[in-house]
Amino acid sequence: MYKLKTIADNVFYVGVNDRQKALFENMWPLPYGVSYNSYLIVDEKTVLIDTVDICYSDIFLKKIEDALQGRSLDYLIVDHMEPDHAGSIRLLRQRYPDMQIVGNNKTFGMLAGYHGINTGLYEVKEGDSLDTGHHKLTFYMAPMVHWPEVMVTYDETDKILFSADAFGTFGTLDGNVIDAEMNTEHYWEEMIRYYSNIVGKYGSPVQRALQKLSGLDIQTICSTHGPVWREQKGKAIQIYDQLSRYEGEEGVSLIYGSMYGNTEQMAEVIASSLSDHGIKNIVMHNVSKSNASYILKDVFKYKGVIVGSPTYSNQLFPEVEAVLNKIELREIKNRYFGYFGSFTWAGAAVKRLAAFNEKMNWEVIGEPVEQKQGLLSEKYDECRALGKAMAEKLKQQ
Ligand code: FEO
């Protein structure tokens with residue numbers, strides 16, 4: 001019944017779109033939805049690569065059944081055990097009891113823990129291959145891209161890399177799955193957001209994986225989320241490379257909290273000064289309105305970060321603190337940092353922003369500005385100076 005999209009001869013897309021979930025990992029907004037990608041190779045042996053979220057197992061199993069045309073499933077390769085991909089393993093095993101599950105020793109620990117499955121396992125190690133007839137699949141370990149058990153599968157026959165979460169992006173696949181046959185414009189920002197929200201902490205492991213895979217002749221990248229990259233695979237690789245090296249573009253994420261608008265006025269002055277000194281990419285995030293998902297995206301994207309906060313019960317404004325915790329958790333490196341704050345009777349925000357940066361170890365640019373109550377001319381000039389210093393530093397890059 002299903003007319004499946006073909007990636008190569010006898011390699012089919014059998015993944016699904018999730019247009020219903022509001023929050024990925026119950027945290028990250030999905031304005032364009034998300035896809036859970038799975039691929040089926042119908043060779044002398046039949047091989048499925050990853051599964052989908054349990055919520056979509058019904059349609060997923062029907063697609064597989066259609067593609068198999070009465071044959072059984074010989075192997076399931078589990079590149080990643082996170083439930084958005086591993087959620088349907090137990091059902092698959094019930095449907096295809098002789099199916100061998102291919103994974104590494106870390107995969108199998110999680111398989112037992114999540115699904116109680118301990119039998120029918122086919123363990124692979126770095127560089128091992130599986131011959132399925134026409135295809136030869138080779139496995140490379142990619143620990144911490146995004147979990148410790150992650151591995152990728154390379155089809156030497158058709159030069160396809162099944163890359164698990166790597167090169168993934170938010171966004172459903174609307175009508176097609178291959179980049180050349182779709183308008184991919186909105187995926188690039190969503191790729192940065194996906195990377196920063198989900199994989200962002202693991203820059204070094206991503207770099208190690210990119211190095212390891214750089215010797216392979218990769219013609220097609222089949223990630224577990226988003227389009228199949230073929231024509232634009234170079235751009236996808238470049239984005240992951242740049243983000244995992246913490247390289248930022250010329251621009252500033254100006255992140256602030258404000259209760260009555262006084263701290264916001266400081267942010268406006270700094271932004272205006274940045275612009276007057278040649279910076280075009282200025283993204284202002286009022287933390288009470290901007291979702292942290294988008295703030296993280298911009299902190300990964302731009303080299304400059306300026307944070308402002310009112311003093312709240314001798315602490316940072318709690319909404320600012322919540323965002324800083326998410327930034328700190330991702331151990332984002334090599335940013336230029338400016339900061340400012342305000343108070344009414346006793347200042348604390350500025351010194352707490354300084355303490356935040358002791359953990360991040362970013363290069364402090366300009367003088368921090370601390371304002372008592374409303375914005376007066378002396379502090380106005382200091383805000384201008386902070387914006388100018390950041391702009392000049394960014395222009396020196
Ligand atoms: Fe899409 Fe780490 O799972």
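Colleague: Which helix and strands each supply at least two residues of the lining of the largest pocket?

Modeller: Helix H8 (262–276), strand E19 (302–312) and strand E21 (336–343) do so; helices (H or I, at least four residues) and strands (E, at least two) are DSSP runs, numbered from the N terminus. The model is predicted: local features need pLDDT of at least 70, side-chain atom pairs count only at pLDDT 80 or more, and totals for chains, interfaces and linings use all residues. Residues are numbered from 1 along each chain as its sequence is written, and side-chain values use heavy atoms, without hydrogens and water.

Colleague: How is the lining of the second largest pocket divided by class?

Modeller: That lining has eight nonpolar, four polar and three charged residues. Strand E3 (16–18) and H1 each give two or more residues to it.

Colleague: Why are E1 and E11 said to stand at the edges of the sheet?

Modeller: Two strands pair if DSSP finds at least two bridges between them. Seven strands form an open sheet in the order E1-E2-E7-E8-E9-E10-E11, with mixed pairing. Strand E1 (6–8) and strand E11 (121–123) each have a single partner strand, so one side of each is left without a neighbour in the sheet.

Colleague: How do you know that E2 and E7 pair?

Modeller: Three bridges join strand E2 (residues 11–13) to strand E7 (residues 39–42), and the two run antiparallel. The requirement is at least two bridges, so E2 and E7 count as paired.

Conventions. Ala, Val, Leu, Ile, Met, Phe, Trp, Tyr, Cys and Pro count as nonpolar, Asp, Glu, Lys and Arg as charged, and the others, Gly among them, as polar.
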